[in-house]
Amino acid sequence: KALVTRPIEDAERLVSALAERGVGALVAPLVEIVFLPVPAPDLEGVQAILATSANGVKALARLSGKPRLPLLAIGERTAEAARAFGFENVESAAGALPDLLALACRRLQPGSGRLLHVAGKALAGDLKSELEARGFAVERATLYEARMASSLRPQTIEALACGAIDFAFFFSPRTAKAFAELAERAGVASFCTAIRAFSLSPAIDKVLLPLPWRQRLVAQRPNLPALLEILDGVLDEERHMPKAKAER
């Protein structure tokens, strides 16, 4: 069984992929996405939208419908969310913040209008400053907030304590940090010795270092298919283990 730390609405794709592989899932959200009561961003004079999360895209769609403006997404998941919400002109940087910065500099011109960065309250980096240093005018629209859980759910604590979890998936440094702190507080951090932790990036993996994991694995690329590639390798290895070794 796998522990999935994503919000319920974002966990469906991973849960389905796990089921296809014969792995059960315990969805234990460590963050709640709250859309802020703000007015729709002014799109007049905007040459492109920059999206660093699927939740930013969702928040913008709720407020502004589906603008025809070009939308540059940090990765495939965010790009897929934009297309699902009806955005037509979408391009993915297929990576992290430096990749989105590079894509924006290739595709856009400082004199062609300002850029709109749709974001949450907590930022992993300062895209606005980086682009402004390159001559762009950038407006940041803070449209949602990720509120961290104050404790692990009772069923999560029970599953960890009884050794029912084999894998745990982490998609952001904030949720990894929350899990580490809440597991310590609940007295179940020591049970991580039976769990393989899968992280979307080295930055996430670094946050998980204090816990005594059975194994920590990091995706070669910051997307779900790359995480699933690692999982497939682990599952294949376990299938081919000698029975006595597998039982130890």
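Which residue lies over the face of Phe171? That would be Arg6, at 3.9 Å from the ring centre. Keep in mind that this is a predicted model. Some notes from going through it follow.

1. Aromatic pairs. Searching the whole structure turns up 5 aromatic pairs. Take Phe167 and Phe198: their ring centres sit 5.7 Å apart with the planes at 80 degrees, so this one counts as edge-to-face. Phe167 belongs to strand S9 (residues 167–170) and Phe198 to strand S10 (residues 196–199), so the pair ties together parts that are 31 residues apart in sequence. Both Phe167 and Phe198 are buried.

2. A stacked pair. Phe179 and Trp213 are stacked, at 5.9 Å centre to centre and with 25 degrees between the planes. This pair also links distant parts of the chain: Phe179 is in helix H7 (residues 173–186), while Trp213 is in the loop between helix H8 (202–208) and strand S11 (215–218), 34 residues apart. Phe179 and Trp213 are both buried.

3. The cluster. Phe167 and Phe198 turn up again here, as they form one aromatic cluster with Phe169.

4. The largest nonpolar core. It has 46 residues, and the ones touching the most other members are Phe167, Phe169, Phe170, Phe179, Phe198 and Trp213. Two or more residues each come from strand S1 (2–4), helix H1 (8–20), helix H6 (154–161), S9, H7, S10, H8 and helix H9 (224–239). H9 gives the largest share, 8 residues.

5. What does Phe179 contact, once neighbours within four places in sequence are left aside? The list runs to Leu3, Leu30, Leu152, Leu160, Phe170, Cys192, Leu211 and Trp213.

6. A second core. There is also a separate core of 18 residues, and Val57, Ala61, Ala73 and Ala82 are among its members.

7. Asn223. Is Asn223 buried or exposed? It has a relative accessible area of 19%, and the cut-off for buried is under 20%, so Asn223 counts as buried. Asn223 lies in the loop between S11 and H9. A polar atom of the Asn223 side chain is 2.9 Å from the backbone nitrogen of Ala226.

8. Back to Phe171. Asn223 and Phe171 are 52 residues apart in sequence, yet 9.0 Å apart in space, C-alpha to C-alpha. Phe171 is also the residue whose ring face has Arg6 over it.

Definitions and conventions: Residues numbered from 1 in each chain as written. Predicted model: local features only at pLDDT ≥ 70, side-chain atom pairs only at ≥ 80, totals over all residues. Heavy atoms only, no water. Phe/Tyr/Trp six-rings, centres within 6.5 Å; stacked < 30°, edge-to-face > 60°. Helix = DSSP H or I, 4+ residues; strand = E, 2+ residues; numbered from the N terminus. Buried < 20%, exposed > 50% of the residue type's maximum accessible area, 1.4 Å probe, protein only. Lys NZ or Arg CZ within 6 Å of the ring centre and 35° of its normal. Core = buried A, V, L, I, M, F, W, Y, C linked by side-chain atoms within 4.5 Å. Contact = heavy atoms within 4.5 Å. Polar contact = N/O pair within 3.5 Å; in protein donor to acceptor, adjacent residues only side chain to side chain.
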